[in-house]
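Me: I want to go through this model step by step. Can we take the ligand site, then the sheets, then the helix pair?

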Amino acid sequence: MNVIETQDIVYEYPDGTKALENVNFKVDEGKIVALLGPNGAGKSTLFLHFNGILKPSSGKILFNGSPVDYNKKNLMKLRQNVGIVFQNPDDQLFAPTVMEDVAFGPMNIGLSKEEIEKRVKDSLKRVGMEGFEKKPPHHLSGGQKKRVAIAGILAMDPKIMVLDEPTSGLDPKGASQIMRLLYELNEDGMTIIISTHDVDLVPLYASTVYIISHGNIIKEGNPRTVFGDVETIRKANLRLPRIAHLMEILNKEDHVSFGKPYPLTIGEARRRIREQAED
Ligand SMILES: Nc1ncnc2c1ncn2[C@@H]1O[C@H](COP(=O)(O)OP(=O)(O)O)[C@@H](O)[C@H]1O
Ligand SMILES: [Mg+2]
């Protein structure tokens, strides 16, 4: 079941920039889907279509199989179901304290005081930010801000969480913590859509990968299929995961092969190397 599907969407900004051209993008319920592309490819523009912040110049967006209706009431409902975490937490966090920030969404949809308190507490706990309730968001680190922004979305209890470059600007530990959290949320049934240009993270977490370049989807499939198409990866100004790149060099320069398609993760490479060593 596709929870989100775009059909031939084109988007042109008011200044005439054509940011998306005939984009067909499908998200299967319960999956982690990654949109991979270099800066300026159209990732953020596409994501802003998923909860109706942007409306396509032409083409359609389907949510749960029905075309998105842009009247106010439906948009509100859509935004409860599809939560977007912006790339820059400073665009998202604005309340004087962490608690008020996370409570803002639930308050807006008119939940009871008890329900709001419960949701704030549960969401902050979920992202490992309990104890920070009274802090002003601008006193937090980048990773902490990101987690509070995620808590704010979680508090709305959405079906789908869309995260625009969730690991950008974070240190390696912060980035892994966020990815781990997303993995856990997904295990509990949340559909996750992320954009990134971090090709090393994608094969660890995503089950479906789309490559976007100059507003066009130029490849889609599982990580193996997508990263197996080295030419397309490079054409999109991306690179292979480091591990796959090493395997490619060993194969092409040194004629040492651990099999194709190249392993994409340390775990997979380790297994292949050990198998070969034991032969
Ligand atoms: N508000 C805007 N007005 C005009 N052009 C924009 C605007 N925002 C983005 N663009 C252009 O749209 C294209 C896609 O941008 P964006 O979706 O932000 O890419 P990405 O998120 O992949 O870096 C780029 O060419 C960018 O310059
Ligand atoms: Mg962007």
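What follows is a set of questions and answers on this predicted model.

Me: Which helix gives the most to the shell around ligand 1?
Reply: The shell includes Y13, D15, T17 and A19, and also the run from N39 to T45, listed as N39, G40, A41, G42, K43, S44 and T45. The helix that spans residues 43-50 supplies three residues to the shell. The top contributor is helix 1.

Me: What is the strand order in the open sheet of four strands?
Reply: Strand 1 and strand 2 are joined in the antiparallel sense over seven bridges. Strand 1 also pairs with strand 4, through five bridges. Strand 4 is joined to strand 5 by two bridges. The order is 2-1-4-5.

Me: Why is one side of strand 2 and of strand 5 left without a neighbour in the sheet?
Reply: The pairing in this open sheet of four strands is antiparallel, in the order 2-1-4-5. Strand 2 (18-28) and strand 5 (66-67) are at its edges, so one side of each lacks a neighbour, as each has a single partner strand.

Me: Which residue is the bridge partner of Y11 in strand 2?
Reply: Strand 1 and strand 2 form a hairpin with five residues between the strands. In that hairpin, G16 takes a positive phi near 95°. Across the pair, Y11 has as its bridge partner L20.

Me: Which residue in strand 4 is the bridge partner of I4?
Reply: Strand 1 and strand 4 run antiparallel. The bridge partner of I4 is F63.

Me: What angle does helix 1 make with strand 2?
Reply: Helix 1 packs on the sheet of four strands. It touches strand 1 (2-12), strand 2 and strand 4. The direction of helix 1 and that of strand 2 make about 55°.

Me: Which are the edge strands of the open sheet of six strands?
Reply: This sheet has mixed pairing and the order 6-7-8-3-9-10. An edge strand here pairs on one side only. The edges are strand 6 (82-85) and strand 10 (216-221).

Me: What is the average twist from one strand to the next in the open sheet of six strands?
Reply: The sheet is open, and its pairing is mixed. From one strand to the next, the twist averages 15°.

Me: Which residue in strand 10 is the bridge partner of Y210?
Reply: Strand 9 (residues 208-213) and strand 10 run antiparallel. Five bridges join them. The partner of Y210 is E220.

Me: At about what angle does helix 1 run to strand 7?
Reply: Helix 1 lies across strand 3 (32-36), strand 6, strand 7 (160-164), strand 8 (191-196) and strand 9. Its angle to strand 7 is about 155°.

Me: Is helix 5 roughly parallel or roughly antiparallel to helix 6?
Reply: The axes of helix 5 (residues 142-154) and helix 6 (residues 172-187) come within 9 Å and cross at roughly 15°. That angle makes the two helices roughly parallel.

Me: Is the crossing of helix 5 and helix 6 left-handed or right-handed?
Reply: G142, G143, K146 and I150 in helix 5 meet G174, Q177, I178 and L181 in helix 6. By class, this contact has three nonpolar, four polar and one charged residues. The crossing is right-handed.

Conventions
Residues are numbered from 1 along each chain as its sequence is written. Chains are lettered from A and ligands numbered from 1 in the order in which they are written. This is a predicted model: local features need pLDDT of at least 70, side-chain atom pairs count only at pLDDT 80 or more; totals for chains, interfaces and linings use all residues. A residue is near a molecule or strand if its C-beta atom, placed from the backbone, lies within 6 Å of it. Axes are lines fitted to C-alpha atoms, for helices over the stretch in contact, and angles run from 0 to 180 degrees between N-to-C directions. Angles under 35 degrees count as roughly parallel, over 145 as roughly antiparallel, 65 to 115 as roughly perpendicular and the rest as oblique. A crossing is left-handed if the near helix is turned anticlockwise from the far one by less than a right angle, and right-handed if clockwise. Two residues are in contact if their C-beta atoms, placed from the backbone, lie within 7 Å. Ala, Val, Leu, Ile, Met, Phe, Trp, Tyr, Cys and Pro count as nonpolar, Asp, Glu, Lys and Arg as charged, and the others, Gly among them, as polar. Two strands pair if DSSP finds at least two bridges between them.
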